[in-house]
Amino acid sequence: QVQLVETGGGLVQPGGSLRLSCAASGSIFSINAMAWFRQAPGKQRELVAVIASGGSTNYADSVVGRFSISRDNAENTVYLQMNSLSPEDTAVYYCHADLLTRAQERVRLWGQGTQVTVSS
């Protein structure tokens, strides 16, 4: 079974940086796209950034210029580099993957979520 495991969340001061990782494991043939979502208390889940198989990226307006999404050479791990963090970035961050398994099955799944708290 394919799984997504997120790491890197934690507490950081305003203006600080944090790097999230999401590792996909299992019988993976290829990954079409990976993305980061976040959900703050009392708010709906929103798309933060997405990276497609060709390397193209898209970002939410609120994070443009501060966040950067990237993928490793094996295309099974996605990162979210977060700079100039503010309290408004506090949320649970979820990784999402759209991939093809070695059995040629299309799979879309979520990571477990990792808490990011920006506070002094």
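Select phenylalanine 37 to begin: this residue is buried, with a relative accessible area of 18% (buried means under 20% relative accessible area, exposed over 50%, partly exposed in between, using a 1.4 Å probe and protein chains only). The model is predicted, so that local features need pLDDT of at least 70 and side-chain atom pairs count only at pLDDT 80 or more, while totals for chains, interfaces and linings use all residues. Residues are numbered from 1 along each chain as its sequence is written, and side-chain values use heavy atoms, with hydrogens and water left out.

Next, display the aromatic rings. The structure holds two aromatic pairs; rings of Phe, Tyr and Trp (its six-membered ring) pair if their centres lie within 6.5 Å, and planes under 30 degrees apart count as stacked, over 60 as edge-to-face and the rest as tilted. Phenylalanine 37 and tryptophan 110 are edge-to-face, with ring centres 4.9 Å apart and planes at 65°. Phenylalanine 37 lies in strand S4 and tryptophan 110 in strand S10 (residues 106-110), 73 residues apart; strands (E, at least two residues) are DSSP runs numbered from the N terminus. Tryptophan 110 is partly exposed, at a relative accessible area of 39%.

Tyrosine 94 belongs to strand S9, 16 residues from tryptophan 110, and is buried, with a relative accessible area of 17%.

Now select arginine 45. Its charged end sits over the ring of tyrosine 94, 3.8 Å from the centre, and over the ring of tryptophan 110, 4.8 Å from the centre. The criterion is NZ of Lys or CZ of Arg within 6 Å of the ring centre and within 35 degrees of the ring normal.

Move to tyrosine 93. Leaving out residues up to four places away in sequence, tyrosine 93 touches residues including Phe37, Trp36, Leu80, Met82 and Thr114, where contact means heavy atoms within 4.5 Å.

Finish at threonine 114, in strand S11 (residues 114-118). Threonine 114 is buried, with a relative accessible area of 10%. Which backbone nitrogen does the side chain of threonine 114 reach? That of glycine 9, at 3.3 Å. Beyond its neighbours within four places in sequence, the contacts of threonine 114 include Glu6, Leu20 and Ala91.

Terms used. Helices (H or I, at least four residues) and strands (E, at least two) are DSSP runs, numbered from the N terminus. A polar contact is a pair of N or O atoms within 3.5 Å; within protein, one must be able to donate a hydrogen and the other to accept it, and residues adjacent in sequence count only if both atoms are side-chain atoms.
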